[in-house]
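Have a look at the picture first, then read on.

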Amino acid sequence: MSEQNHKVITRFAPSPTGVLHVGGVRTALFSWLYARKHNGEFVLRIEDTDTERSTALFEQDIIDGLAWLGLTYDHFYRQSERAPEHRAHLERMLAEGSVYEAEDNKDGTGKVIRFKNTNETITFADVVRGDITFDTTELGDFVIARDIDHPLYHFAVVADDYDMGITHVIRGEDGISNTPRQILIGRAMGAPRPVYAHIPLILAPDKSKLSKRHGAVSATAYRDAGYLPEALINFLALLGWNPGDEREIFTRDELIRDFSLDRIQKSGAVFSTEKLNWVNKEHSKRLPPEIAAEEVVRHFPDRDSTIVKAITPLVLERISVWSDIDTLCEAGEFTYFFTEPQIEAEKLSWKDASREDTMRHIDKLIEMLQEADYTHPDTIKASVWDYAEAEGRGAVLWPFRYALSGKEKSVDPFTIAHIIGRDQTLARLHVARSACDI
RNA sequence: GGCCCUAUCGUCUAAUGGUUAGGACAUCACCCUCUCACGGUGGUAAUCGGGGUUCAAAUCCCCGUAGGGUCACCA
């Protein structure tokens, strides 16, 4: 059964009983990467046979999350819509005697369908962990369907994987103990045994299973927080997999090219938002400038977009996620590019420089900046640099920057002057000059 | 508890019997610098414990310990 002869078909089979969380995303990602790498197919199968707990809202969240991340699928199924196929398998197996009807132990009415366990030791070769052996005796004649029209999880999974030609079952580590009984069912059904790869779980910082109480866990929440989909994918790919060299930043295509099942880690990995933020920042830096500017503009809804575009590089080096822009703006971080700042006279002087000296420097700055070339921060710098060097950079440049920004921490004065232009620069210096005079 | 899986810096990981145990995030220091951010350089920091096997063990074996998963007429 060499892999080369068969087209690779993988699947992601979530139940819509909750949002698509990062653990699910990574499971989907690994399956998707493997299928894409081998020019195979990727199936999304919504396992909604539990009508009590499944909701359309969760199903939509899963679909939206995968769409945002660009994890495209070639086939879409809802397990609930495959009742006829399930029934056919069940009828055939009933006839063959590999499964049988039995008393309903729960309420004594009706009958359930049980698997006739052959009580063997089953060994399967997990791609990630090597041989895993179970004694299936303890499973007993487990129930595989409530009745002929209501198959249970294990049966439905095996029947669907068979019918959909799934060659590689890539799923979370929590699927390991399900595998023996699925192998048993598959064999009785006449299905070829797929390759199994059980990937490690994603953990919270305290090493427990990741859940809502650990903050944002759903893919769409990361979307809404302003993460780049390729960054989340890059980060998640590196959680439990590595390329074998020291690269950390990958495009989607690079991941497809370099991904392999045999470099998947065995142990669980803690999800680190700090590292995710770093990865996101690295991806932001690599964004085409126009695209980045467009996104930044969106976060300055009522501002002059020409100015916003001009300050985009400054914004980018101060954020890791888009929503950081809003946080910085609320703190008044970039307002001085758009409106004249409020300044306080006592903050105008550098360290213990005297008010007289500061006044003198401002006068000189006004004089020099009258005729300066504003086409580039460097040309502005050139016109005042010699003076600043001679008088003490701090003594000259601090008041310069403070006059323009009204902030103790800000972008450098040359860049601000370049962006706000000659008139604004001179106007603000005059305001500072008179504030000094009072 | 039974069964199964796992164990390298705080975190993600590399090293498929021989390395000063490497890289990244975070952190610290220094440099750049008027401030902030960016950037640069350097530092601190790990093989869970105990036994084997071997000339040689993070690596192979066994026993502990710890963590996780799973034990439904849920998925």
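A few ground rules first. This is a predicted model, so local features need pLDDT of at least 70 and side-chain atom pairs count only at pLDDT 80 or more, while totals for chains, interfaces and linings use all residues. Residues are numbered from 1 along each chain as its sequence is written, chains are lettered from A and ligands numbered from 1 in the order in which they are written, and side-chain values use heavy atoms, with hydrogens and water left out.

**Domains**

Chain A splits into domain 1 (1-77 + 157-286), domain 2 (289-337) and domain 3 (345-437). Those bounds come from an automatic or database domain assignment. Taken over C-alpha atoms, the centres of domain 1 and domain 3 are 55 Å apart.

**Rings**

Searching the whole structure turns up 15 aromatic pairs. Here, rings of Phe, Tyr and Trp (its six-membered ring) pair if their centres lie within 6.5 Å; planes under 30 degrees apart count as stacked, over 60 as edge-to-face and the rest as tilted. One of the pairs is Phe115 with Phe142, which is stacked, at 5.2 Å centre to centre and 20 degrees between the planes. Phe115 lies in strand 5 (residues 111-115) and Phe142 in the loop between strand 7 (130-135) and strand 8 (143-147), so this pair ties together parts that are 27 residues apart in sequence. Strands (E, at least two residues) and helices (H or I, at least four) are DSSP runs, numbered from the N terminus.

Phe115 and Phe142 are both buried. That word means under 20% relative accessible area, with exposed over 50% and partly exposed in between (1.4 Å probe, protein chains only). Tyr222 and Tyr227 make an edge-to-face pair, 5.3 Å centre to centre with 65 degrees between the planes, and both are buried too. Phe30, Trp241, Phe250 and Phe259 are joined into a cluster by ring pairs.

Charges can sit over rings as well: NZ of Lys or CZ of Arg must be within 6 Å of the ring centre and within 35 degrees of the ring normal. Lys381 does this with Trp385, at 4.7 Å from the ring centre, and Arg401 with Trp398, at 4.8 Å.

**Around the RNA**

Which residues come nearest to RNA strand B? Of the 57 around it, they are Asp50, Asp104, Asn105, Lys106 and Asn242. A residue is near the strand if one of its heavy atoms lies within 4 Å of it. Sugar and phosphate make up 74% of the RNA strand B atoms that come within 4 Å of the protein.

Here are some polar contacts, meaning pairs of N or O atoms within 3.5 Å; within protein, one must be able to donate a hydrogen and the other to accept it, and residues adjacent in sequence count only if both atoms are side-chain atoms.

| Residue and part | RNA strand B atom | Distance |
|---|---|---|
| Glu47, backbone | sugar or linking oxygen | 3.1 Å |
| Arg393, side chain | phosphate oxygen | 2.8 Å |
| Arg401, side chain | base oxygen | 2.9 Å |

Helix 15 gives the largest share of the surface near RNA strand B, five residues.

**Two single residues**

Is Pro399 buried or exposed? Pro399 lies in helix 15 and, at 0% relative accessibility, counts as buried. Its C-alpha is 9.0 Å from that of Leu429, 30 residues away in sequence. Thr123, in strand 6 (residues 121-126), counts as partly exposed at 37% relative accessibility.
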